[in-house]
Amino acid sequence: MRALIPTGRNGHLVDIGEVELPEPAQDEALVRITRFSLNRPDFLYLSDPGTSYRPGIDAVGVIERAAADGGPGKGSRVALHLPAGGAAAEYAAVPVRRLVPVPDTVSSDLAAALPLAGLVARRLLAKAGPLEGRTILATGMSGGVGQFIAQLAAAEGARITAVASTDEPWHHLPGLGAVVTHDIEALDDGTFDIVLDSVAGALGSAAARKLAPGGLFLWFGQASAQPLTLDFFTLFEGGQGLTLHHFVYLAADDRHDADDLTALLELAAQDRLRVEIGHRAHWSRSAALLEEMAHGRLRGKAVLTVD
């Protein structure tokens, strides 16, 4: 069968090549993939010149052969989330616990774009606690995760401010419930209950100063490739006691992935969760779109069609 395979070449990280058709285990179904989306971890793993990683963390497909142990039947349309990748292919062998039926009113494009970004946003906000009436400052909001953070936070009654540079694709965020600022230093120190930071470096470090005393700093990424730097005395002088939590989205029990993804798809089916898809293309465009991702030029999600 055909699949995206790593090239080890910067600027053209993947090609479509031939690999063996997977043979499902007892608890796995063989899924014919119709759509997959690209995520930043795909780019990061593929950037290692010696990697054997095959991309495809999130996808939608049709059950070609049902699992011997049960699960969705042949012909069922399903969404899947594979943290180890491999779904950017014509077929994938997928554990039943990672298959979620897609509601009839949800498009395959939307369902393919939802899993990783939606799971991160849902679990990140759950870690923040009750959101009604609280103020949130968020960095790194122009990508796939940001659109879901904005919608889910606003739906729970939070007031969310997104920090974005003028050359980032930020124009969709106000329509999703976020106020956008281009200059974090224009914001008053000590005014936000929660900071959600996926950039770190100078921006994340500046965001910490914006926390109100006793605020919560949820650190869930380092897109700047620079560490977070906190000055004890600067924070002390501002009277800011804060809680810093290093957030990783993976659940201790991966069966929760299906539960959370089911909840997100239900919100989408009820038109309570929108997905900003910035690029729809044939999967032969994967290398070019990964390069766009590398330079921060992707607005929303990129969904690729497999045929």
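Analyst: Setting aside the neighbours within four places in sequence, Gly204 is in contact (heavy atoms within 4.5 Å) with Asp197, Phe217 and Leu228. This is a predicted model, in which local features need pLDDT of at least 70, side-chain atom pairs count only at pLDDT 80 or more, and totals for chains, interfaces and linings use all residues. Residues are numbered from 1 along each chain as its sequence is written, and side-chain values use heavy atoms, with hydrogens and water left out.

Gly204 sits in helix H5, residues 201–208, where helices are DSSP runs of H or I with at least four residues, strands are runs of E with at least two, and both are numbered from the N terminus. Because its relative accessibility is 0%, Gly204 counts as buried; that word stands for under 20% relative accessible area, while exposed means over 50% and partly exposed lies in between, for a 1.4 Å probe and protein chains only. Leu244 is 40 residues away from Gly204 in sequence, and the C-alpha atoms of the two are 12 Å apart.

The rest of H5 is mostly covered too, since 6 of its 8 residues are buried: besides Gly204 these are Gly201, Ser205, Ala206, Ala207 and Ala208. In the loop that lies between strand E11 (192–197) and H5 one finds Ala200, which has a positive phi of about 60° although it is not a glycine. Most residues other than glycine have a negative phi. With 1% relative accessibility, Ala200 counts as buried.

Another positive phi in a residue other than glycine, near 60°, belongs to Asp271, located in the loop between H7 and E14. Asp271 has a relative accessible area of 70% and is therefore exposed.

Moving on to the packing of helices, H3 (residues 115–128) and H7 (residues 255–269) meet at an angle of about 95°, with their axes 10 Å apart; axes are lines fitted to C-alpha atoms, for helices over the stretch in contact, and angles run from 0 to 180 degrees between N-to-C directions. That makes H3 roughly perpendicular to H7, given that 65 to 115 degrees is roughly perpendicular, under 35 roughly parallel, over 145 roughly antiparallel and the rest oblique. On the H3 side the contact is formed by Pro115, Gly118, Leu119, Arg122 and Arg123, which meet His256, Asp257, Asp260, Leu261, Ala263 and Leu264 in H7.

H3 also packs with H4 (residues 144–155), here at an angle of about 45° and with the axes 8 Å apart, so the two helices are oblique to each other. Among the residues of H3 that take part are Ala117, Val120 and Leu124, and those they meet in H4 include Val145, Phe148 and Leu152.

Also in H4 is Gln151, which is buried because its relative accessible area is 10%. Leaving out neighbours within four places in sequence, Gln151 is in contact with Leu176, Arg272, Leu273 and Arg274.

Finally, helix H8 (residues 286–294) has Ser286, Ala287, Leu289, Leu290 and Met293 as its buried residues. They cover an arc of only 165° around the axis, which puts them on the same side of H8, the arc being that of the directions from the helix axis to the C-beta atoms. The buried residues of H8 pack against several elements, among them strand E1 (2–9), helix H1 (40–46) and strand E15 (301–305). Following H8 comes Gly296, with a positive phi near 70°.
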